[in-house]
Amino acid sequence: MPNDEVAIRVAPELDGRQTARVGYSNVAKEIADHAASKVTTRDDANAAPGDFIEHARQTQRMAIEMLHRAVTVERMNGTDWEIIAQKLRLPLAQVLDQFEHCDLTHLAEQSGETGVWRALAETCVSPVPGMCDPHPGKVALELDDWYKAYAAGQPGDPAGAATPNPVSAHL
């Protein structure tokens, strides 16, 4: 492609299953960004008592949301509740009590934008409330860019790093 042309990427239309997976990936990205921001020691002298605990608890809350979204993806992929309970090492009744709301299979065939994504927006983990993009296809493209930038800074050849669209190409 000549230098004066710009590649135009069109956000894909996603179904509920694909949208659930993008939601899981998006939480993973947010956790990675949040955790990475805590690596520097630059502001330690200005930390108030309890700041480190609060930062760790925020990461924990984000991880719990990732677990909920993992259950959503598993259910969308047809995983039985019994297997989910086994993987969580919890009794089935407790799993259903804690995670049954994560079963969005009834929205699987709907447009991801109006079905699953709307349901996931209620638990967006973006550090700024209301900043989760309303279009899951656009988020998938943003995750492509984020992952390529992340992988470029890693030693070796991380999985999917050479793929032009490591997230959206495999939905």
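Of the 171 residues in the chain, 31% count as buried. The model is a predicted one.

The secondary structure is helical. Six helices and zero strands were assigned to the chain. Read from the N terminus, the order of elements is α-α-α-α-α-α. Contacts across the sequence were then considered. Among pairs at least 6 residues apart in sequence, 64% of the contacts join residues at least 24 apart.

Two residues were examined individually. H68 lies in helix α2, which spans residues 51-76. Its relative accessibility is 16%. The cut-off for buried is under 20%, so H68 counts as buried.

The relative accessibility of L96 is 26%. Partly exposed covers the range between the buried limit of 20% and the exposed limit of 50%, so L96 counts as partly exposed. W81 stands 15 residues from L96 along the chain. The C-alpha atoms of L96 and W81 are separated by 7.7 Å.

Notes: Residues numbered from 1 in each chain as written. Predicted model: local features only at pLDDT ≥ 70, side-chain atom pairs only at ≥ 80, totals over all residues. Heavy atoms only, no water. Helix = DSSP H or I, 4+ residues; strand = E, 2+ residues; numbered from the N terminus. Buried < 20%, exposed > 50% of the residue type's maximum accessible area, 1.4 Å probe, protein only. Contact = heavy atoms within 4.5 Å.
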